[in-house]
Amino acid sequence: MGDLGKYLSDAGTRGAIWRMLLEHVYLSLLPLVISVFLAVVLGWVCHRYGWFRGALLGTANIVYTVPSLALFAIIPAVIGTQVLDINNVVIALTVYTTALLTRPVSDALDAVPAHITAAATAMGFRPLRRFLTVELPLAVPVLFAGLRVGSVSNISLVSVGALIGTGGLGVLFTDGFRSRYLAPIIVGIVLTLLLALLVDGLLVALRQWLTPWNNLQGVKP
Amino acid sequence: MIEFRAVTKRFDDGTIAVNSLDLTVEAGTITVFVGPSGCGKTTSLRMVNRMIDPTSGTILVDGKDVLSVDPPELRRGIGYVIQQAGLFPHRTVLDNVATVPLLLGWSKAKARSRAAELLELVGLPAEMGKRYPAQLSGGQQQRVGVARALAADPPVLLMDEPFSAVDPVVREGLQDELLRLQAELDKTIVFVTHDIDEAVRIGEKVAVFREGGVLAQYDKPSELLARPADDFVAHFVGKDRGYRSLSFVDASGVEVGAVPTVVVGEAVTAGDGWRLAVDERKHPRGWLPPGTTVDGPLAESVLKPGGSLFEVGQSIRGAMDAALSSPSGLGVAVDPEGAVVGVVTATQVLAVIEGQRESRG
C-alpha cells in the first residue's frame, strides 16, 4: 500500500492518469453513442424487412465472436488506417456495440402492440414521425438494457487497446506488467471499475428521465 | 355522409373481404356494421380512412373520393377509435387527447386546452390528464380513446369494436355515454361490432354483413328484429329477437294500476294478497307475501326481493320484464325519481303489444 501512496504522490503521474481516464471515457463512450444511431437504423430495417433480419442478426452474432485484439489488428488492414490510430479502437467498439444493440432494438420495435401503431397511423401520423415519436420511445427501456451491457463491455474492452498502443487506462496495466510494479495495475483496476459503475448509474438515471411512464408505482384508479 | 359504391376488397391471398358493397351512411347518424368474424365489417370501416384501399369501387366522404386525398391528411380529418383504445403508453392522457390537433399544427397550449375540454366532455376529471394510460381502468382508457378521436372536431367518427374489451357493465355505461355525446355533437358515426345487442342498442341504422363480405340487410334496428331479410339475419339477430324488439315499442299504452302498499319500519295492518313495501320516499323495497304476519314495525327481512323496475314512458320491454321478474307477477312502474307509480301484469302488457300489432296491420 505504501507503494500505492508513493506512486500517486507524483503530480506528473496523477496528470498522466487523469489524461488516460479521459482518453478511456472518450474511447469507450464515443462508440456507444455512434452505435445507438446505427443500431436504431439497423434495428428498424430488421423490424421492417423480415428477410433482412436473419442475415443481419446472423452477421452481428459472428462479429461479436471475433476476439477484440484481432479486430483491432484487422481494422487498419480493412480500412487503411494507421496501426496505432485510436480510431481503430473506436471503430472496433462501434462494431461490437452495434452488433450487441441491433437485436434488442429490433425486438423492442416488434413488441410495440399492433393496435398502438395502427392507432397512430389512423390518427394521421406519417411513417417517419410515427417511428420517431411512437415506436422508438416505446423501445427505449429495452434499448437502455442493451446500452448498459454495451457500456460496461466497452469500458473493459478499451483496456485491451493498450496492447496495440492506443491509450486509455489499459496503459496502466501494460506499464505495470512491463515494470513488474503493482501500483499502476491497482489504480487501473479501481478506476475502470468506478468508471463502469458511474456510467451505468448515469444510464439508469437517463432512462428514468426519458421514460417516466415506465416507472409507474401502481397508482391504479 | 359516407357512400360506398360497388366497393370490393380482395386480399393478396385471394380471399374476398368485401364483395361489391353499396351502402350510404347518412350524415349525423350512428350506423353500426355488425356480423360474424370474417364478414368484412372492419375492412369496410378501414377503407373509409384508407387504412386499407379497395380493390375496386369508390368511397365518398361528403362527396369527395377518399382515394384522391393523401392518406395522413385524410385521417386527420376523420376520428378513429380503435379496440383496446390504443392509447400511447408513453404519453400522458392529456397529450394523448391532443395528438391530432398537434399533428394539424396547433400550438401546444391550444392543443392542450382543447384536450382538457374533451376530457370534461367524456366525463373524466381534469386531473386525470396528468396520468399515463396504464394508470387508468379499461373503461376510462376507452373514454380517453373517444376524446382523442373527437379532439380536432372531425365530422366523421369511425369506431372499430371500441367497447369489446371492457366488461358488460362498463360497456353499457360507455354505450350510454356515446349516445349522450352523439345527441350533443351530431357526428356521422360508423361503429363496428360483432355484438348484435350492442348494434341494436346504439345504431340508428344497422348493416348486417355475412361471411364473404356481403351486405345481408341494412335497416333500422326495429325492422331488423321484426322483419329479418333472410334466415342468416334471423339466425344472427338471435332466438329472443321477438322479445328484444319490444325495446322499440313505446310503453305509453300500458295502463298502470294501483297497488296496496306497506311502509318499511311502520306497523302493518291486516290484509291479504301481495303488498308492495316502500320506504318513506315511496321507493320500492320488496314484496310482502300474502298471509305473512308481522308483529310490530315492518322489517326488510320478511320481504321478498322485488323484480326489475320500469320507468313510465320507456320501452315496453322494460314493462314486460318487470312483470315477469316480480315475485307477485306485478311489474312495478316508477317515476324518474324512483318513486312507485303503480303496477302492471304481463297479461296487460301482452294485450298492449297485441293491440299495437293490429293497429300496425
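Two residues count as in contact when their C-beta atoms, placed from the backbone, lie within 7 Å. By that rule, take the contacts in chain A between residues at least 6 apart in sequence: 71% of them join residues at least 24 apart. The model is a predicted one.

**Chain A**

Chain A has 9 helices and 0 strands. Its pattern along the sequence reads α-α-α-α-α-α-α-α-α. The C-alpha trace of chain A spans about 70 × 50 × 20 Å along its principal axes. Chain A holds 221 residues, and buried residues make up 37% of them.

**Where chain A meets chain B**

How many residues of chain A are in contact with chain B? There are 19, and they face 22 residues of chain B. Two elements of chain A give two or more residues to this side: α6 (114-123) and α7 (127-161). α6(A) gives the most, with 7 residues. The table sorts the side of chain A that touches chain B by class.

| Class of residue, chain A side | Count |
|---|---|
| Nonpolar | 13 residues |
| Polar | 4 residues |

**Domains of chain B**

Which domains does the assignment give for chain B? It gives domain 1 (2-239) and domain 2 (252-360). Taken over C-alpha atoms, the centres of domain 1 of chain B and domain 2 of chain B are separated by 40 Å.

**In brief**

Chain A is built with 9 helices and 0 strands. On its side that touches chain B, α6(A) gives the most residues. Chain B is assigned domain 1 and domain 2, with 40 Å between their centres.

Notes. Residues numbered from 1 in each chain as written. Chains lettered and ligands numbered in written order. Predicted model: local features only at pLDDT ≥ 70, side-chain atom pairs only at ≥ 80, totals over all residues. Helix = DSSP H or I, 4+ residues; strand = E, 2+ residues; numbered from the N terminus. Nonpolar A, V, L, I, M, F, W, Y, C, P; charged D, E, K, R; others polar. Buried ≥ 20, exposed ≤ 12 C-beta atoms within 10 Å, placed from the backbone. Domains from an automatic or database assignment.
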